[in-house]
Amino acid sequence: MKAMEYFDVVNEKDEVIGKAGREECHSNPNLIHRTIHFTLIDKSDKKIFITQRSFTKPNDAGKWCFLGEHISRGENYDEAVKRGVREELGFIPSKYKELVNHIFSYDKQTELVRFFLVDWNGEKINFDNEEIVKTDWLSPNELLKNSLDYSEMTRYWIKSVNWKEVLN
């Protein structure tokens with residue numbers, strides 16, 4: 001039997017005010033929990049990494065997305081970025097930075113999400129074929145003008161970041 005997964009519950013200022021299980025956080029929009037989103041950037045080629053989620057995923061199935069992780073209870077953002085890149089792509093990032101954050105509210109849940117850019121320096125990428133069906137590297141113009149079916153959060157990050165600036 002799988003152990004109960006707990007998240008820190010936070011307020012709008014990202015201050016921990018309690019804890020709740022995953023299921024409770026995903027069924028009560030009054031409980032704000034932390035997540036991260038991240039993508040790789042290749043500064044040498046000036047490209048941004050994007051993935052297409054598996055069509056079997058319960059949320060955003062088949063959509064093009066940046067990657068994300070829930071933050072476990074007691075885990076900090078740095079730990080979550082390192083864990084997320086390792087779990088999702090198979091390497092430990094050497095350099096990354098937070099760009100922007102936003103609170104996303106839905107019918108059943110509310111997430112405080114911090115978005116990180118991870119410098120990619122040719123590390124071998126190993127992703128789970130059951131989670132991700134395709135990947136691509138896009139220029140800022142391709143990312144902004146592309147007609148791919150982006151997830152809502154990914155669309156938000158695409159519009160909120162000055163991609164040309166961060167790639168320089």
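A disulfide is a pair of cysteine sulfur atoms within 2.5 Å. The legends below describe close-up views of a predicted model.

**View 1. Cysteines in a structure with zero disulfides.**

**View 2. The largest nonpolar core, with 20 residues.** In soluble globular proteins, nonpolar side chains tend to be buried together. Here, the members that touch the most other members are Ile36, Phe38, Leu40, Val81, Leu89, Phe116 and Val118. At least two residues of this core come from each of β3 (32–42), α2 (77–89) and β8 (110–119). Helix α2 gives the largest share, five residues.

**View 3. The surroundings of Phe38.** Leaving aside residues up to four places away in sequence, Phe38 touches Phe66, Leu67, Gly68, Glu69, Gly84, Val85, Glu88, Leu89, Phe115, Phe116 and Val118.

**View 4. A second, separate core.** This core has 19 residues, among them Ile41, Ile48, Ile50 and Ile158.

**View 5. His37 in strand β3.** His37 has 12% relative accessibility, so this residue counts as buried. Its side chain makes a polar contact with the side chain of Trp157, at 3.0 Å. Not counting residues up to four places away in sequence, His37 touches Leu67, Gly68, Val113, Arg114, Phe115, Phe116, Met153 and Trp157.

Technical notes: Residues numbered from 1 in each chain as written. Predicted model: local features only at pLDDT ≥ 70, side-chain atom pairs only at ≥ 80, totals over all residues. Heavy atoms only, no water. Core = buried A, V, L, I, M, F, W, Y, C linked by side-chain atoms within 4.5 Å. Buried < 20%, exposed > 50% of the residue type's maximum accessible area, 1.4 Å probe, protein only. Helix = DSSP H or I, 4+ residues; strand = E, 2+ residues; numbered from the N terminus. Contact = heavy atoms within 4.5 Å. Polar contact = N/O pair within 3.5 Å; in protein donor to acceptor, adjacent residues only side chain to side chain.
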